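Biologist: I should like to learn how to read a helix in a structural model. May we look at one together?

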Amino acid sequence: MSKKKNARKVPVQQEKINRCISWLNVSLGMGLIYALALIFFISFGLAAPGLKMPGLVRSVITLVWAIAKIGFAFALICLYQSTGYTKWAIAALLLAASAIMPYVLTDPDSQIFVIGIEALAITGLSLSLFDLGKAAHSDLGVAAGMIFLGVILQILQNALMSYVGIAFLAMGFYISLRRLWLQPGAK
């Protein structure tokens with residue numbers, strides 16, 4: 001027997017997948033806004049080390065990022081329902097958890113756990129984008145790799161590496177958004 005005969009057939013609903021990709025595009029746009037805002041404020045902080053980001057601006061940027069992660073989770077759950085890929089559901093759960101955890105675990109001792117879940121969630125997102133690119137016959141490998149490198153560089157907890165990591169994250173979101181937006185039927 002060939003592998004194709006043994007493979008589980010999941011009915012794919014293209015119209016629903018297009019809606020899922022639309023949600024993913026909105027979340028990628030929000031993630032890009034988040035990353036560009038962080039690049040601006042990190043650049044400003046490196047240029048003038050004594051100045052800090054205002055608390056309200058920090059809160060708004062954090063809220064935009066949390067909403068983007070909830071949007072990513074919603075899009076991946078939607079894709080999971082349309083295709084049956086379990087790894088997309090797991091990535092969605094990690095993204096939802098990483099969106100909520102900074103508001104629940106505020107103790108400084110638990111921040112390593114919050115950072116770890118965030119890194120796993122964004123890594124899951126990058127792997128999901130890679131798989132989505134393969135499934136849609138679109139080249140999202142470079143974008144997914146840039147998002148993954150962005151996560152790795154941010155974990156290093158160095159201002160310059162964090163800056164480079166956020167820049168990679170922004171480029172990965174931009175490339176993903178551009179490739180998915182130009183996809184036929186994804187608008």
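Biologist: What covers the buried residues of H7?

Modeller: This is a predicted model, and the cover in it includes helix H2 (14–47), helix H3 (55–83), helix H5 (111–135) and helix H6 (141–155).

Biologist: Which residues of H7 are buried?

Modeller: A residue counts as buried when its relative accessible area is under 20%. In H7 the buried residues are Gly165, Ile166, Leu169, Ala170, Gly172, Phe173, Ser176, Leu177 and Leu180. Across the chain, 42% of the 187 residues count as buried.

Biologist: How many Å should helix H7 span?

Modeller: The expected span is 1.5 Å times one less than the number of residues. Helix H7 covers residues 159–181, which is 23 residues, so it should span 33 Å; the C-alpha atoms at its ends are 32 Å apart, which agrees.

Biologist: Which residue caps the N-terminal end of H7?

Modeller: Asparagine 158 is the cap: one of its side-chain oxygens lies 2.8 Å from the backbone nitrogen of leucine 160.

Biologist: Let us turn to helix H5, where aspartate 131 lies. Is aspartate 131 buried or exposed?

Modeller: The relative accessible area of aspartate 131 is 15%, so this residue is buried. Apart from neighbours within four places in sequence, aspartate 131 is in contact with Lys87 and Trp88.

Biologist: How many helices and strands does the chain have?

Modeller: The chain has 7 helices and 0 strands. Among contacts between residues at least 6 apart in sequence, 67% join residues at least 24 apart.

Methods. Residues numbered from 1 in each chain as written. Predicted model: local features only at pLDDT ≥ 70, side-chain atom pairs only at ≥ 80, totals over all residues. Heavy atoms only, no water. Helix = DSSP H or I, 4+ residues; strand = E, 2+ residues; numbered from the N terminus. Buried < 20%, exposed > 50% of the residue type's maximum accessible area, 1.4 Å probe, protein only. Contact = heavy atoms within 4.5 Å. Polar contact = N/O pair within 3.5 Å; in protein donor to acceptor, adjacent residues only side chain to side chain.
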